[in-house]
Amino acid sequence: MPHIVVADPIHTDGLERLLKQPGVTVDHPGNASNEPLAERLRRAHGLIVRGTRVDEALVADAGQLQVVCRHGVGYDLVDVPVLTRRRIALMITPEANAASVAEHALMLMLSLARNVVQVSMGVRRGEWRVRGQSDTFELGGRRVLVVGFGRIGTRVARLCAAFGMQVVVYDPYIPAGTIRGAGYEVAVDRESGLAQADIVTIHVPANDRTRGMVDAAFLSGMKKGAVLINTARGTLVDEGALEAALRSGHLGGAGLDVLSVEPMVTRLSMLSLDNLIVTPHVAASTAEGLRRMAWDSAGNVLDFLAGRGDRDAVVNLEVLPTTS
Ligand code: NAD
């Protein structure tokens, strides 16, 4: 009988989907014992994680585990080679939160363009006549560089185009024809894309090749006064270099949903800057996003254990039997 462990709280609809499945037992934060998670995994066939790190120590004794589903799409907290070596599939919920994250990126752009956080806080202090608003700007007509043209980047590009922005895409892994066919300009190289953009928005995965890619050189290559948006992963950005670029006035602003260390344990000195907006990794956490991520996580694990897993949602395809 399949036994599924849900390591972190998920939307009730996803949990219900598991609990209503005949012949399946579910260990979840609402009914779990005080045993360490690694112990609880000893008899598990499926595991759903949100913020839990999945490493060798966690799965060492999970001899029956066949599938881990990460609620969301980023799996930088999962040691994929460890799962692959143990022939455990890693699944994600590919489309579940892309619309929410794309809207969040646009929200950060708009908030920085119109200085929303500062003026709203001013109104709470009774300030109505706001000076210095001539430095706010419209998104329409501005040039945006979308770095990474995947599930989220394509949606951001579409939303930016709807605002009348000139959309330029940098993604060396996507054929130029695909980007042009979607109606956008292709950045011939990263440097030229950065040099001309008023807004740069990051939508690439965090991995060994991309970690720290938004470094001092990247930032100094951006146009003076330009704005950086990062809703991808905090580890992509050198936060010291970002703070320096904001303090020197080289960058006009930054909007971050993610930090290199989460949750933030020590208050970052850059938080004193007015031209910085930080949200606490909530871009995907709309009602719709949370429901879809939980629903799809449950479906992924149930289907996989029933032998009809969605290959498109599997990260380490090499653990699946080859199809001829
Ligand atoms: P995706 O895999 O669909 O797309 C990523 C794209 O980046 C691909 O097209 C790939 O070709 C491109 N890419 C890879 N390396 C690149 C590079 N060096 N330069 C330019 N392009 C490169 O991923 P996605 O679902 O769109 O997710 C994008 C990012 O958003 C990931 O980092 C993910 O973890 C993050 N994310 C954040 C949240 C949140 O809550 N803030 C939620 C979901 C996803």
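The lining of the second largest pocket draws at least two residues from each of α5 (98-113), α6 (116-124), β10 (226-230), β11 (251-256) and β12 (276-278); helices (H or I, at least four residues) and strands (E, at least two) are DSSP runs numbered from the N terminus. The model is predicted, and local features need pLDDT of at least 70, side-chain atom pairs count only at pLDDT 80 or more, and totals for chains, interfaces and linings use all residues. Residues are numbered from 1 along each chain as its sequence is written, and side-chain values use heavy atoms, with hydrogens and water left out.

A pocket is an open set of points on a 1 Å grid over the protein atoms alone, where a 1.4 Å probe fits, with protein on both sides within 12 Å along at least five of seven lines; lining residues have an atom within 4 Å of a point. The second largest pocket has a volume of about 510 Å³. Its lining comprises 28 residues, with L112, N115, G252, G253 and N275 nearest the centre. By class, 13 of the lining residues are nonpolar, 9 polar and 6 charged.

Around the ligand lie 26 residues, of which R151, I152, D171, V204 and D257 come nearest. This shell contains 14 nonpolar, 8 polar and 4 charged residues. A ligand nitrogen atom lies 2.9 Å from a backbone N or O atom of T231. A ligand oxygen atom is 3.4 Å from a side-chain N or O atom of R233, and a backbone N or O atom of A284 lies 3.5 Å from an oxygen atom of the ligand. The ligand taken alone exposes 870 Å², of which the protein buries 87%.

Note on methods. Grid points are joined across faces, edges and corners, and a volume is the space filled by probe spheres set on the points. Ala, Val, Leu, Ile, Met, Phe, Trp, Tyr, Cys and Pro count as nonpolar, Asp, Glu, Lys and Arg as charged, and the others, Gly among them, as polar. A residue is near a molecule or strand if one of its heavy atoms lies within 4 Å of it. A polar contact is a pair of N or O atoms within 3.5 Å; within protein, one must be able to donate a hydrogen and the other to accept it, and residues adjacent in sequence count only if both atoms are side-chain atoms. Accessible areas come from the Shrake-Rupley method with a 1.4 Å probe; for residues, only the protein chains shown count as cover.
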